[in-house]
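Hi,

Here is the structure I promised to pass on.

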Amino acid sequence: MSQVTRILSAIEQGAPHAAEQLMPLVYEELRKLAAQKLAQEKPGQTLQATALVHEAYIRLVDVDKAQSWNSRGHFFAAAAEAMRRILVDHARRKQRPKHGGDRQRVELDEACRLADDGAEQVLLVNEALGKLAAESPEKAELVKLRYFAGLSAHEAADSLGISRATADRYWAYAKAFLYCALEDARES
């Protein structure tokens, strides 16, 4: 049993200082995953990797809610899900009129350039991912780990406890499914 798994078990049992011991062990890995994901976003993203990691960590290690972690992979899968939810919430918030969602972003040197559609893209991907999850939850989990957490195919396969070949098949299917779903969303 790894040190992370032991600490996660202690958190589940209600150990008072276990959450403090977990953060130093997983922080750098979570921050790297968050930075990879945010690097894929369009320029002008206001959410920083550190803020994403901290928000995800707070949601994951909430001492008021009983949580069960089977393994290190389960924890990182939950972290990917938490990061996905945070990014989706952030994208929705940015699209509200109160936060300028009804305005177009215009760069000073390129006044004619179209507005940044990064928030809209995250929402479209989230909607398509919901459709995939309804059809095949295990493939949707793989997409969350790859797209939202930035894990490699090998890391995602390990986290899900599946072979690399199965992960590759799931990934090929999920990409085709999401491509079709995104094309349908753009056409309508």
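This is a predicted model: local features need pLDDT of at least 70, side-chain atom pairs count only at pLDDT 80 or more; totals for chains, interfaces and linings use all residues.

Let me start where two helices meet: Glu138, Lys139, Leu142, Val143 and Arg146 in α6 are in contact with Ala167, Tyr170, Trp171, Tyr173, Ala174 and Leu178 in α8. Contact here means heavy atoms within 4.5 Å. By class, the residues of this contact of α6 with α8 are 8 nonpolar, no polar and 3 charged.

Residues are numbered from 1 along each chain as its sequence is written, and side-chain values use heavy atoms, with hydrogens and water left out.

Back to the two helices. Helix α6 covers residues 137-148 and helix α8 covers residues 164-187; their axes come within 9 Å and cross at roughly 90°. The axes are lines fitted to C-alpha atoms, for helices over the stretch in contact, and the angles run from 0 to 180 degrees between N-to-C directions. α6 and α8 are therefore roughly perpendicular to each other (angles under 35 degrees count as roughly parallel, over 145 as roughly antiparallel, 65 to 115 as roughly perpendicular and the rest as oblique).

The charged end of Lys139 is over the ring of Tyr173, 5.0 Å from its centre, and Arg146 lies over the face of Trp171, at 4.2 Å from the ring centre. The test for this is that NZ of Lys or CZ of Arg is within 6 Å of the ring centre and within 35 degrees of the ring normal.

α8 has another partner in α7. Helix α7 (residues 153-160) and α8 have axes that come within 9 Å and cross at roughly 110°. That makes α7 roughly perpendicular to α8. Here Ala153, His154 and Ala157 in α7 meet Arg164, Ala167 and Asp168 in α8, and the residues of this contact divide into 3 nonpolar, 1 polar and 2 charged. Ala167 is also listed among the α8 residues that meet α6.

Now the chain as a whole. It has 8 helices and 0 strands, where helices (H or I, at least four residues) and strands (E, at least two) are DSSP runs, numbered from the N terminus. Of its 188 residues, 40% count as buried (buried means under 20% relative accessible area, exposed over 50%, partly exposed in between, with a 1.4 Å probe and protein chains only). Among contacts with a separation of 6 or more, 60% come from residues 24 or more positions apart.

- Arg84 is in helix α4 (residues 72-95). Is this arginine buried or exposed? At 12% relative accessibility, Arg84 counts as buried. Leaving aside neighbours within four places in sequence, Arg84 is in contact with Asn126, Leu129, Lys144 and Phe148.
- Ala140 belongs to helix α6 and is buried, at 1% relative accessibility. Beyond neighbours within four places in sequence, Ala140 is in contact with Leu129, Leu132 and Ala133. The C-alpha atoms of Ala140 and Gly130, 10 residues apart along the chain, are separated by 7.9 Å.
- Ser71 sits in the loop between α3 (49-60) and α4, and is partly exposed, with a relative accessible area of 28%. Not counting residues up to four places away in sequence, Ser71 touches Thr5 and Leu8. Ser71 and Leu8 are 63 residues apart in sequence and 7.8 Å apart in space, C-alpha to C-alpha.
- Glu55 lies in helix α3 and counts as partly exposed at 32% relative accessibility. From Glu55 to Ala82 it is 27 residues in sequence and 8.4 Å in space, C-alpha to C-alpha.
- Cys180 is placed in helix α8, partly exposed at 46% relative accessibility. Cys180 and Ala128 are 52 residues apart in sequence and 8.9 Å apart in space, C-alpha to C-alpha.

Conventions. Ala, Val, Leu, Ile, Met, Phe, Trp, Tyr, Cys and Pro count as nonpolar, Asp, Glu, Lys and Arg as charged, and the others, Gly among them, as polar.
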